[in-house]
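Colleague: I have a few quick questions about this structure, if you have a moment to look through it with me.
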Amino acid sequence: MALDPQVVQDLLRTAQQRGATDGDALLVDNESFEVQVRLGEVEKVQQSHQKRLGLRLFFGQRSATTSTADLSEASLRQLLDDTCALAQAMAEDPYAGLPAPADTVVAFPDLELWDEAIGQLPVEERTILAQQAERAALDYDSRITNSEGGEYSCSQSHVMYANSHGLVGHYRAGSASLSVSSIASDASGMQNDYWYGVGRKLSQLPSPASIGQEAARRALRRLGARKVPTQRVPVVFDPSTAASLLGNLCSAVSGSALYRGASFLVDALGTRLAPENVTIYDDGTLPGALGSKPFDGEGLPTRCTTVVEQGILRSYLLDTYTARKLGMHSTGNAARSAGEAPSVSPTNFYLVPGSYAPEDIIASVPCGLYVTSLIGFGVNQVTGDYSRGASGLWIENGALAYPVEEITIAGNLREMFANIEMIGNDLDMRRRVTAPTLKISAMTVAGS
């Protein structure tokens with residue numbers, strides 16, 4: 001998985017000879033693998049290996065981006081011809097352009113993103129991991145009567161970025177994941193749920209048995225679910241649904257939403273968003289984390305950005321283009337595939353954990369909802385209005401009492417973040433946008 005920097009450097013040099021004022025290129029060599037099993041039998045095996053080159057050229061403040069998977073000399077000549085022609089045909093954009101040379105990355109730290117063991121694991125052993133995880137779910141309880149399957153997948157990439165200012169940088173990154181989806185049945189009906197593990201290192205994956213057993217437990221606890229009357233009560237989000245809630249905030253602080261006026265946080269920097277116990281970072285420098293990388297899609301160094309500090313909104317997430325539109329500076333949050341222009345994306349966006357065990361948060365609720373699953377997309381990023389289908393477990397007298405489904409939770413994101421009452425100590429970094437257990441003091445739960 002070696003990439004030749006001469007390919008992109010020659011391409012950019014020739015583009016400048018053709019009149020381009022600036023340009024950059026992204027070259028990605030990716031290998032991916034996936035095996036799916038169901039009831040012990042292999043249902044799907046998929047493996048791919050692809051190199052792709054993306055080229056972005058500027059003629060003054062006109063620009064275009066193209067890409068190709070054919071790296072032959074003839075194909076690259078055609079790519080260059082097409083990109084030059086497209087860029088010169090585009091309208092001028094006063095905010096277009098590369099970052100300033102002084103801002104680009106100068107150091108390439110090892111962020112522990114690569115594990116040779118992932119690529120070296122034989123296909124047979126990858127399949128066995130998926131089968132073992134599924135078998136652990138099926139053997140957990142007699143009420144686990146079926147399976148939607150087990151899956152092992154992995155991906156390894158070598159990424160190279162170069163621009164006309166002379167920067168050439170590259171890094172290698174990979175990950176592996178293992179998941180199971182199980183089906184539980186009893187006299188009340190059928191329910192399904194899943195669980196998974198993921199990591200940059202093969203050794204970081206939880207055991208197949210633990211993943212399968214957790215998938216089974218999650219499906220079993222949904223059996224006998226019922227509706228509840230409409231009421232206003234405290235709501236506790238488990239880590240997966242709390243991550244979804246944090247994702248709504250991540251979208252609202254994105255520069256692309258802000259300059260379009262499509263965010264409830266326009267002009268909100270320096271204002272209070274949440275209580276003092278809420279601090280949120282976006283940190284692309286965390287060793288081994290899924291969103292980490294030494295530089296972003298424009299060659300700027302990633303960094304730790306304090307988005308919310310003790311409840312105060314301190315920063316948006318910006319790439320070069322959105323930063324110029326807003327009169328600010330990039331936060332190193334440009335993401336880019338080979339065929340697309342850069343856009344704003346989080347690295348590792350997370351809520352700093354609190355001191356409460358999840359059990360203590362549940363015990364603090366006399367009557368309320370513990371949310372374990374969210375359905376639908378009922379979030380208005382402009383107004384902050386929030387309405388999502390949900391399922392989970394009802395809390396009575398500080399204990400989980402029975403499963404609930406076919407309900408809706410509703411509120412407004414501003415009020416929800418302002419009403420965060422307790423934060424759990426159970427943060428995990430299995431997602432790029434992640435959060436621990438959260439308790440919101442009151443929301444409307446609409447049921448029967």
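Colleague: How do the side chains of Arg222 and Asp193 meet?
Modeller: Keeping in mind that this is a predicted model, the side chains of Arg222 and Asp193 meet in a salt bridge, with 3.7 Å from N to O. Arg222 lies in the loop between helix H5 (208-220) and strand S7 (231-237), while Asp193 belongs to strand S6 (residues 189-199), so the pair ties together parts that are 29 residues apart in sequence.
Colleague: And are Arg222 and Asp193 buried or exposed?
Modeller: Both Arg222 and Asp193 are buried.
Colleague: Which residues are linked with them in a network of salt bridges?
Modeller: The network links Asp193, Arg218, Arg222 and Asp238. Within that group, the side chains of Arg218 and Asp238 meet in a salt bridge at 3.9 Å, N to O, and this pair links distant parts of the chain, since Arg218 sits in helix H5 and Asp238 in the loop between S7 and helix H6 (239-252), 20 residues apart. Arg218 and Asp238 are both buried as well.
Colleague: How many salt bridges does the count come to?
Modeller: The count comes to 19 salt bridges.
Colleague: Which residue forms a salt bridge with Asp10?
Modeller: Asp10 forms one with Arg13, where the closest N and O atoms are 2.8 Å apart. Both of these residues lie in helix H1, three residues apart, which is about one turn of the helix. As a general point, an α-helix has 3.6 residues a turn, so residues three or four places apart point the same way.
Colleague: What do Asp10 and Arg13 count as, in terms of accessibility?
Modeller: Asp10 has 32% relative accessibility and therefore counts as partly exposed, and Arg13, at 43%, also counts as partly exposed; the range for that label lies between 20% and 50%.
Colleague: Changing topic to helix H2, what should its 17 residues span?
Modeller: Helix H2 covers residues 73-89, and at 1.5 Å a residue it should span 24 Å; its end C-alpha atoms are 25 Å apart, which agrees.
Colleague: Which residues of H2 are buried?
Modeller: They are Ser75, Leu76, Leu79, Leu80, Thr83, Cys84 and Ala87. If you look down the axis of H2, these buried residues fall within an arc of 165°, so they line one face of the helix.
Colleague: What covers the buried residues of H2?
Modeller: The cover includes helix H1 (5-17), together with strand S2 (41-59) and strand S3 (62-68).

Terms used
Residues numbered from 1 in each chain as written. Predicted model: local features only at pLDDT ≥ 70, side-chain atom pairs only at ≥ 80, totals over all residues. Heavy atoms only, no water. Helix = DSSP H or I, 4+ residues; strand = E, 2+ residues; numbered from the N terminus. Expected span 1.5 Å × (residues − 1). Buried < 20%, exposed > 50% of the residue type's maximum accessible area, 1.4 Å probe, protein only. Arc of directions from axis to C-beta. Contact = heavy atoms within 4.5 Å. Salt bridge = Lys/Arg side-chain N within 4 Å of Asp/Glu carboxyl O.
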